[in-house]
Each structure stands twice: as C-alpha cells, then as structure tokens.
Amino acid sequence: MIRPSVLLFALLMSAPALYRYVLDEIDITEVLIRFLIAVPIAAILLAGLRFITAGYGRAAQPGTPVTPTPDNREAGSDTP
C-alpha cells in the first residue's frame, strides 16, 4: 500500500509540470507521466529517510543487572 506521504511528496515533485499544465504549455498526459515517475522515486527517498531516522527517539532498553561473584579457585590449580 502506498502511504499518503509518498503521494504528497510525489505531487510536490511534479508540481512544476502541473503548473505548466495550468499555463497551457504541456498536456495532461505529460503531467500524469511525470507524476507516475515521481511516485517510485518519492517512495525510495522516503523509505531511505525512514530507515535513517528509525532509531531516533527510542528509549534505551534497560539491561539486566548482574552481580559479580568471586571465583574461589586459586590462581595455579586446575581443579575446581
């Protein structure tokens, strides 16, 4: 499913073509082609941005507290 943010970003990317259509400089097929080209580009760019910013704002997970226990073996013996 395409996210609304992707469609909005693609619309912003193809806005100059839409403006040129309003001024009657290009036809509607060129505007639609530019929009269809902008949709996958916008999806890739926003996915990259989501990937980069995925870890920001997450709280650090608390670790498990461990208490050290001394080893009762002597320093030269191989037996426990």
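Where is Pro-70 found? Pro-70 sits in the segment after α3, and we will come back to it once the rest of the chain is in view. Before setting out, please keep in mind that this is a predicted model, in which local features need pLDDT of at least 70, side-chain atom pairs count only at pLDDT 80 or more, and totals for chains, interfaces and linings use all residues. Residues are numbered from 1 along each chain as its sequence is written, and side-chain values use heavy atoms, with hydrogens and water left out.

Let us start with the overall plan. The protein has three helices and zero strands, where helices (H or I, at least four residues) and strands (E, at least two) are DSSP runs numbered from the N terminus. Following the sequence, the pattern reads α-α-α. The protein is more spread out than a compact globule, because its radius of gyration is 29 Å, well over the 12 Å that the globule rule gives for 80 residues. That radius is taken over C-alpha atoms, and the globule rule is 2.2 Å times the number of residues to the power 0.38. Along the principal axes, the C-alpha trace spans about 90 × 25 × 20 Å.

Next comes the surface. The accessible surface of the protein is about 7,100 Å², and carbon and sulfur atoms hold 66% of it; these areas come from the Shrake-Rupley method with a 1.4 Å probe, and for residues only the protein chains shown count as cover. Of the 80 residues, 12% are buried. Here buried means under 20% relative accessible area, exposed means over 50%, and partly exposed is in between (1.4 Å probe, protein chains only). As for charge, there are 6 positive and 7 negative side chains, and the centres of the two sets lie 6 Å apart. Lys and Arg count as positive and Asp and Glu as negative, while His and the chain ends are not counted; each charge is placed at NZ of Lys, CZ of Arg, CG of Asp or CD of Glu.

Arg-3 lies in the segment before α1 and counts as partly exposed, at 47% relative accessibility. Ser-14 is buried, with a relative accessible area of 7%. Leaving aside residues up to four places away in sequence, Ser-14 touches Arg-34 and Phe-35, a contact being heavy atoms within 4.5 Å.

The loop between α2 and α3 holds Leu-23 and also Asp-24. Leu-23 is partly exposed at 44% relative accessibility, whereas Asp-24 is exposed, with a relative accessible area of 65%. The backbone of Asp-24 deserves a look: its phi is positive, about 65°, although Asp-24 is not a glycine. Most residues other than glycine have a negative phi.

Then we reach helix α3. At 1.5 Å a residue, its 25 residues should span 36 Å, and the end C-alpha atoms are 36 Å apart, which agrees; the expected span is 1.5 Å times one less than the number of residues. The buried residues of α3 are Val-31, Ala-38, Val-39, Ala-42 and Leu-46, and their cover includes α1 and α2. In an α-helix there are 3.6 residues a turn, so residues three or four places apart point the same way. Ala-47 also belongs to α3 (residues 28–52), and at 37% relative accessibility it is partly exposed. Ala-47 and Val-6 are 41 residues apart in sequence, with their C-alpha atoms 9.2 Å apart. Across the protein, residues 24 or more positions apart make up 63% of the contacts with a separation of 6 or more.

Finally, look beyond α3. The C-alpha atoms of Leu-23 and Thr-64, also 41 residues apart along the chain, are separated by 65 Å. Back at Pro-70, the residue is exposed, with a relative accessible area of 68%. Pro-70 and Glu-25 are 45 residues apart in sequence and 82 Å apart in space, C-alpha to C-alpha.
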